[in-house]
Structures are given as C-alpha cells and as structure tokens.
Amino acid sequence: MSHPVTTSTQVSFPAGAVEGRSTVLSVEPLPAGGYAVVTAETPFHPLDHSWPDQPADSGTLRGVAVRDCVTGAVGPEGTLLLGTDIPVRRGEEGWAWLVVHITDEPVAVGAEVELRVDAERRAALSAAHTGCHLLALALNEALAPRWRKDPGRTDALGHPDFDSLAMDSSRMDVDASTDTYRIGKSLRKKGFTADDLAAELPALTEAVNARLAAWVAADAPVRVEAPGPELTARRRWACDLPEGNASIFCGGTHLHHLGELAALSTELRLSEDGSELVAVTTPKRR
C-alpha cells in the first residue's frame, strides 16, 4: 500500500451528501486492473460486503470515473483487503475501515480531490431503500394476526417483526427493492402460521399498499441517525410516521421526507409450496 491507512474513512452520505473534497490517503493498483483509491472523507456509499443490500454509488473522483466503490479494511499488518476478503467482523478493533473507490486511473497520494456522486442514481437507490423499510413495517402490521404467540421480537411500531425473523435477502436497485422471506419450520416454531396464506395474499397485498399510500400522503420526515462520522458507526433509519417514530438499523442512504414520492406500492408473491414470500416494492418519485 502506498501509505498505510490507520484511521477509518469519515462518510457524509448518511446525511445525503453527494459531493465533497478530501485528501487522497492511499492509491494501490489492483490485480485485476484499476486502482483502489482511499480518501480521508467521502460522500460515496460503498457496497457493504456483510449485507450487500444497496449497490455502491457511482460518480467521479478528480474527474476520473469511479466504476465501483467497496468496503475495505486495513489490519495490524498494514495490508488493504477488500470486500469478502476481509477476515474479521465489521468494526473489529485494531482495523481501519475504509471506503475504497475503484478507478481506472491513478491519482496522486496527498492530492486534494473533488468527489462527486451520480446524484440521480443515488436518489433512485435512496427511494428504493426507504421504500424497503416502509414495506417491512407495513408487512409486519398486516401479518400480525398470524402470530399464535409472541415471537420475542417486535418492530418499532410494536408489531411482531416478521421482516426481521423471516428475512432471507434484501436487494435494492434503481427501480425497486426485492425482499425475500423464508417461511419454514423455524418461523412456525416461533408462532407464525401460514395457513391459507396463498388465498389471503390479495387482501394482504391490498392492506400493505393502503398503509404505504397513507404514509406517503403523510409526507413524514426521514433521517439517518449516526453516532459519529466514521464508516463503521452504527446508523439508524428513522421516520416520524403518524403511528409513531419508526427506526431500523441501516447503513444505506435514504430520502429526506416521504413527500419526495408520488406513490409507493408492493407486489407480493408466494411460492407454490408456500415456503418463500417475495415482496417487490416500487417507489415512484416526483
């Protein structure tokens, strides 16, 4: 590494920043081509290797295209490791946790550079991510009557947290979010009943979409709460819904208020054997 980085990257994307200036701390050529560029601060949101739900930002660094942005880490030995090559848990002490901008051209270490995120793409991903969290809360509410007993985990609005307990994967793109839930033995043991779920899916979908529409109409403010500026800070998505303040731990980017959406709707699909429920939630921005 050109200059071993010993402090974690400070990030401004949680507040919605899409541009900034910072000093280049290190530049390292990559085996597959291109360069790993680390700056002291950045507005870029990197792909989180441990929960890769929101894609990385794209944009430019000193006018050079940033074709990817990943999470990196430097341990006591001073070696930069990227993504799934990182052998320790996120936030491990003694490690610097970094936003790594992947470029096709090198930049000079020590240079002050301008960083610009593709603002339109960021806005689309933020809308999808906010929609994903709202879907989780609406789905939890709609499915609440299906719990025969307290599963031991509730969401911020007091409903059994189906989203968290059944979640298999969650992915955003610029058009929608796709959440996949497993309805198996472990969920049933916690008290969830899937009896007649297929027959009730249209009514369930209608209830979820009605709740989503009401929340969008309320134009509730949205924010990301962060205890500090470092990449590893444990951040929360928060939204002041009419039913109360809702919050979910989240490392992604979001809208500033729900009035930025003209509409938000979901499509629920249940597999033939009833073991998988998929929610595709599509935001329509104003």
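**Strand pairing, pockets and cysteines**

Q: Which residue is the bridge partner of Thr-180 in S16?
A: In this predicted model, Thr-180 has Val-278 as its bridge partner in S16.

Q: Which strand pairs with S16 there, and over how many bridges?
A: Strand S11, residues 177-182, is joined to strand S16, residues 276-285, by 6 bridges. The two strands run antiparallel.

Q: And S15, over how many bridges does that strand pair with S16?
A: Strand S15, residues 261-270, pairs with S16 over 9 bridges, in the antiparallel sense. Within S16, Leu-277 is the bridge partner of Leu-270.

Q: How many residues lie between S15 and S16?
A: There are 5 residues between S15 and S16, and the two strands form a hairpin. In the turn, Gly-274 has a positive phi of about 75 degrees.

Q: Changing topic: how much space lies in the largest pocket?
A: The largest pocket holds about 960 Å³ of space. It is lined by 39 residues, and those closest to its centre are Trp-51, Ile-248, Phe-249, Cys-250 and Gly-251.

Q: What is the make-up of the lining of the largest pocket by class?
A: The lining has 14 nonpolar, 14 polar and 11 charged residues.

Q: What about the second largest pocket, how much space lies in it?
A: About 160 Å³ of space lies in the second largest pocket. The residues lining this pocket number 14, and Gly-16, Arg-122, Ser-126, His-254 and His-256 lie nearest its centre.

Q: And its lining by class, how many residues are nonpolar, polar and charged?
A: For the second largest pocket the lining has 7 nonpolar, 5 polar and 2 charged residues.

Q: Back to cysteines: how many disulfides are there?
A: The count comes to 0 disulfides. Cys-132 is in no disulfide, and the nearest cysteine sulfur, that of Cys-250, is 8.1 Å away. A disulfide would need the two sulfur atoms within 2.5 Å. Cys-250 is likewise in no disulfide, with the sulfur of Cys-132 as its nearest.

Q: Is Cys-132 buried or exposed?
A: Cys-132 is buried, at a relative accessible area of 5%.

Q: And Cys-250, why does that residue count as buried?
A: Cys-250 counts as buried because its relative accessibility is 9%, and the cut-off for buried is under 20%.

Definitions and conventions:
Residues are numbered from 1 along each chain as its sequence is written. This is a predicted model: local features need pLDDT of at least 70, side-chain atom pairs count only at pLDDT 80 or more; totals for chains, interfaces and linings use all residues. Side-chain values use heavy atoms; hydrogens and water are left out. On a 1 Å grid over the protein atoms alone, a cavity is a set of points where a 1.4 Å probe fits but cannot get out, and a pocket is an open set with protein on both sides within 12 Å along at least five of seven lines; lining residues have an atom within 4 Å of a point. Grid points are joined across faces, edges and corners, and a volume is the space filled by probe spheres set on the points. Ala, Val, Leu, Ile, Met, Phe, Trp, Tyr, Cys and Pro count as nonpolar, Asp, Glu, Lys and Arg as charged, and the others, Gly among them, as polar. Two strands pair if DSSP finds at least two bridges between them. Helices (H or I, at least four residues) and strands (E, at least two) are DSSP runs, numbered from the N terminus. Buried means under 20% relative accessible area, exposed over 50%, partly exposed in between (1.4 Å probe, protein chains only).
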